[in-house]
Amino acid sequence: MAESYRQKIAEGLKELFPALSDTEASALGWEGLVKTYQFTSIQVKDLQNYTGTALNIMKIIVAYQIGQKGTPSGCK
């Protein structure tokens, strides 16, 4: 279920921000879903196979949160 929501969120982000890469839109789609079974599954696979997928997703999310990427909204 989380994967379905993540995909819809990513598609919405791409509509609003066409310059956003598919990778970044996908990662940002996980933002509110990191405590789901599906994201935990990605983390477990990372630990088992050293894929780094969850880490890469979190790096993108944090970069946007702290303003290293994206355009600041001006809201505080």
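**Entry 1: the helix pair**

I began with α2 and α4, which are roughly perpendicular to each other. This is a predicted model, and I read it as such. The packing angle between α2 and α4 is about 85 degrees. I use the range of 65 to 115 degrees for roughly perpendicular, so the pair takes that label. Their axes lie 9 Å apart. I noted the spans as well: α2 covers residues 22-29 and α4 covers residues 53-65.

**Entry 2: the contact**

Which residues of α2 meet α4? I found T23, E24, A27 and L28 on the α2 side. On the α4 side I listed I57, I60, I61 and Y64. I then sorted this contact by class: six residues are nonpolar, one is polar and one is charged.

**Entry 3: E24**

I picked out E24, a residue of helix α2. Is E24 buried or exposed? Its relative accessible area is 13%. The cut-off for buried is under 20%, so E24 counts as buried. I next looked up its contacts, setting aside neighbours within four places in sequence. E24 touches I60, Y64 and K69. Of these partners, I60 and Y64 are among the α4 residues that meet α2.

**Entry 4: aromatic rings**

I searched the whole structure for aromatic pairs and got one. W30 and F39 form it. Their ring centres are 5.5 Å apart, and the planes stand at 55 degrees. I logged the pair as tilted. I also checked burial here: both W30 and F39 are buried.

Methods:
Residues numbered from 1 in each chain as written. Predicted model: local features only at pLDDT ≥ 70, side-chain atom pairs only at ≥ 80, totals over all residues. Heavy atoms only, no water. Phe/Tyr/Trp six-rings, centres within 6.5 Å; stacked < 30°, edge-to-face > 60°. Buried < 20%, exposed > 50% of the residue type's maximum accessible area, 1.4 Å probe, protein only. Axes fitted to C-alpha atoms, helices over the stretch in contact; angles between N-to-C directions. Helix = DSSP H or I, 4+ residues; strand = E, 2+ residues; numbered from the N terminus. Parallel < 35°, antiparallel > 145°, perpendicular 65-115°, else oblique. Contact = heavy atoms within 4.5 Å. Nonpolar A, V, L, I, M, F, W, Y, C, P; charged D, E, K, R; others polar.
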